Amino acid sequence: DEPRAFQLWSEAAELGSTTALRQLGVAYSGGRGVAQDNATAIRCWESAAVRGDMESRFCLGGAELLKRKYDRAVRHFMISA
């Protein structure tokens with residue numbers, strides 16, 4: 001049940017979960033349980049990444065790669081490694 005998962009991730013993110021922030025970014029990026037919104041996905045991943053979530057940093061690399069910003073993508077990928 002994607003809408004319910006989105007609701008639970010939102011609650012967990014408000015409590016400080018970086019995993020929940022990452023999952024919210026994935027949901028927004030793919031339009032899963034919520035309308036697709038890449039800008040919000042990136043904000044979620046950035047918020048989790050600055051708190052140390054390396055998987056979110058990897059997601060940011062992927063987002064930069066899709067925008068053909070290769071230098072930025074490589075930096076995100078290197079940090080996440």
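Modeller: A residue is called buried when its relative accessible area is under 20%, exposed when over 50%, and partly exposed in between. This is a predicted model.

Colleague: Why is phenylalanine 6 called buried?

Modeller: The relative accessible area of phenylalanine 6 is 14%. The cut-off for buried is under 20%. Phenylalanine 6 therefore counts as buried.

Colleague: Where is phenylalanine 6 found, and what is in contact with it beyond four places in sequence?

Modeller: Phenylalanine 6 sits in helix H1. Leaving aside neighbours within four places, its contacts are Leu24, Ala27, Tyr28, Gly33 and Val34.

Colleague: How many aromatic pairs does the ring rule give?

Modeller: The count is 2 aromatic pairs. One of them joins phenylalanine 6 and tyrosine 28, with ring centres 5.3 Å apart and planes at 85°.

Colleague: What makes the pair of phenylalanine 6 and tyrosine 28 edge-to-face?

Modeller: Two values are needed. A pair of aromatic rings is described by the distance of the centres and the angle of the planes. Centres must lie within 6.5 Å, and planes over 60 degrees apart count as edge-to-face. Here the centres are 5.3 Å apart and the planes stand at 85°, so the pair is edge-to-face.

Colleague: Which helices does that pair link?

Modeller: Phenylalanine 6 is in helix H1 (residues 2-14) and tyrosine 28 in helix H2 (residues 18-30). The two are 22 residues apart, and the pair links distant parts of the chain.

Colleague: Is tyrosine 28 buried or exposed?

Modeller: Tyrosine 28 has 17% relative accessibility. The limit is under 20%, so tyrosine 28 counts as buried.

Colleague: Why is the pair of phenylalanine 58 and phenylalanine 77 called tilted?

Modeller: Planes under 30 degrees apart would be stacked, and over 60 edge-to-face; the rest are tilted. The planes of phenylalanine 58 and phenylalanine 77 are at 45°, with centres 5.0 Å apart, so this pair is tilted.

Colleague: What parts does the pair of phenylalanine 58 and phenylalanine 77 tie together?

Modeller: Phenylalanine 58 belongs to helix H4 (residues 54-66) and phenylalanine 77 to helix H5 (residues 70-80), so the pair ties together parts 19 residues apart in sequence.

Colleague: What makes phenylalanine 58 and phenylalanine 77 partly exposed?

Modeller: Phenylalanine 58 has a relative accessible area of 48%. Phenylalanine 77 has 24%.

Colleague: Why does glutamate 64 count as buried?

Modeller: Its relative accessibility is 8%, and buried requires under 20%. Glutamate 64 therefore counts as buried. Glutamate 64 is found in helix H4. Not counting residues up to four places away, glutamate 64 touches Lys69, Arg72, Ala73 and His76.

Colleague: How far from valine 74 are glutamate 64 and phenylalanine 6, C-alpha to C-alpha?

Modeller: Glutamate 64 and valine 74 are separated by 8.7 Å and 10 residues. Phenylalanine 6 and valine 74 are 30 Å apart in space and 68 residues apart in sequence.

Colleague: How do you know that the radius of gyration agrees with a compact globule?

Modeller: For 81 residues, the rule puts a compact globule near 12 Å; the protein chain has 12 Å, so the two agree.

Colleague: What share of the residues is buried, and how many helices and strands are there?

Modeller: Buried residues make up 33% of the 81. The protein chain has 5 helices and 0 strands.

Definitions and conventions: Residues numbered from 1 in each chain as written. Predicted model: local features only at pLDDT ≥ 70, side-chain atom pairs only at ≥ 80, totals over all residues. Heavy atoms only, no water. Helix = DSSP H or I, 4+ residues; strand = E, 2+ residues; numbered from the N terminus. Rg over C-alpha atoms; globule rule 2.2 N^0.38 Å. Buried < 20%, exposed > 50% of the residue type's maximum accessible area, 1.4 Å probe, protein only. Phe/Tyr/Trp six-rings, centres within 6.5 Å; stacked < 30°, edge-to-face > 60°. Contact = heavy atoms within 4.5 Å.
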